[in-house]
Amino acid sequence: PAGGLLTVWLYHVMQEYDNQGTNLMLLAVQSGDHISIRVAPLIFFSTLITHLCGGSAGREGAALQLGGSIGGFISDRVHLDKEDRNVMIMCGMSACFSAVFGTPIAAAVFSMEVISIGIMHYAALVPCVIASFTASLLARHFHAFPEFYDLGIFPDFSCITAGKMILLAAAFAGVSILLCISLHLAEHFFKEYLKNPYLRIFVGGCMVIGLVFLFGTRDYIGAGMPMIEACFAAGVPWYAFLLKILFTAVTLGSGYKGGEIVPSFFIGAACGCVLGPVLGLPAPLCAACGMVGVFCGVTNCPISSLLIAAELFGFAGTPYFLITIAVCYMLSGYYGLYNSQKIVYSKYKDHMVNRFTH
């Protein structure tokens, strides 16, 4: 709770009262909204506070906002026009995403794909690729190495295994919808009943502490990387993905800063490693499919999801990843983590819908 109060105070002092987080980056590219350079230090330190104090959140929210705000600041200083400014913001997002996750190929595409679903900003392809690989090499130079998971032996790909993967993917799509709804409802609930941001975040911090004592474990606070690794080895309780949704919704809904994507990896991996063996499939493979499936469902970015799968798990499981991602993309509907994300083309028919996610 003390860390939460400090976070709200920092945003108050820097006059970023209504900061919209990653949504601000998407709006900046879509409509040219200004991004203050103040966002960079604020999101950096506030995310550190969240992780230090045990909040359930990820890192990519900080990465995207950090990179986007720096990109916007540089473009303003050198007086770029609107189009080039948008490219610079996407370059910053790609660079920081790449440095944090160690997935430069996916990072180069993600910032172009996440803005408007159905339209890729290919004009930014070369700059984003250069920014992404430069950031990845710099991160490696400072010994920030990427994750890589060994999935062991894959089952033979057949009509039966493909059918099982479709069933799993449908479950992952449902989990991704549940995550989006939970995050949005939690934010609405806290803002509706606790108008004062200091009181709101203090109560949220106390609730996280209460949940830790209630369930008697700290497995669901922080980013949760040890639990993700356990999904590929020893396994996790069947309810792990539900508890992570609860902890993350309380943390982010009450005003703590951080990302939603690492928790989505946790949730997908936990769900996959539990459901996979029920269908007679290897738990590590299903955990991997759960990670990229839920990621696709909450971000609506199928190409980036497939590239992340290849960079984290190798290319051997591509047929399984592709089936999972395709089904999750279709069945997750128009839900998403970011309310400012625009669905330009329908997921079901070849026509424009031009609507925001919910």
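**Salt bridges, a surface patch and a helix pair**

Me: Which residue does Glu187 meet in a salt bridge?

Reply: Glu187 pairs with Lys191 through their side chains, at 3.1 Å from N to O. A salt bridge here is a side-chain nitrogen of Lys or Arg within 4 Å of a carboxyl oxygen of Asp or Glu. This is a predicted model, where local features need pLDDT of at least 70 and side-chain atom pairs count only at pLDDT 80 or more, while totals for chains, interfaces and linings use all residues. Residues are numbered from 1 along each chain as its sequence is written, and side-chain values use heavy atoms, leaving out hydrogens and water.

Me: Where do Glu187 and Lys191 sit?

Reply: They are four residues apart in helix α8 (residues 159–193), so about one helical turn separates them. Helices are DSSP runs of H or I with at least four residues, numbered from the N terminus.

Me: Is Lys191 buried, partly exposed or exposed?

Reply: Lys191 is partly exposed at 43% relative accessibility, and Glu187 is partly exposed at 31%. Buried means under 20% relative accessible area, exposed means over 50%, and partly exposed is in between (1.4 Å probe, protein chains only).

Me: How many salt bridges does the count come to?

Reply: Three. One of them joins Glu16 and Arg38, at 3.4 Å from N to O. Glu16 lies in the loop between α1 (2–13) and α2 (22–31), and Arg38 in the loop between α2 and α3, so the pair ties together parts that are 22 residues apart in sequence. Glu16 is buried at 11%, but Arg38 is partly exposed at 31%.

Me: And which residue pairs with Arg85?

Reply: Asp76, with the closest N and O atoms 3.3 Å apart. Arg85 is buried, at 9% relative accessible area, whereas Asp76 is partly exposed at 22%.

Me: New topic. Which residues form the nonpolar patch on the surface?

Reply: Ile105, Tyr122, Leu125, Val126, Val129, Ile130 and Phe133, with about 630 Å² of accessible area together. A patch takes residues with over 30% relative accessible area and no salt bridge, joining nonpolar side chains (Val, Leu, Ile, Met, Phe, Trp, Tyr) within 5 Å and like charges within 9 Å.

Me: Which helix gives the largest share of the patch?

Reply: Helix α7 (residues 125–141), with five residues. Ile130 belongs to α7 and is exposed at 52%.

Me: Last one: at what angle do α11 and α12 cross?

Reply: Roughly 160 degrees, with the axes of α11 (residues 240–253) and α12 (residues 261–278) coming within 8 Å.

How values were computed
Accessible areas come from the Shrake-Rupley method with a 1.4 Å probe; for residues, only the protein chains shown count as cover. Helices (H or I, at least four residues) and strands (E, at least two) are DSSP runs, numbered from the N terminus. Axes are lines fitted to C-alpha atoms, for helices over the stretch in contact, and angles run from 0 to 180 degrees between N-to-C directions.
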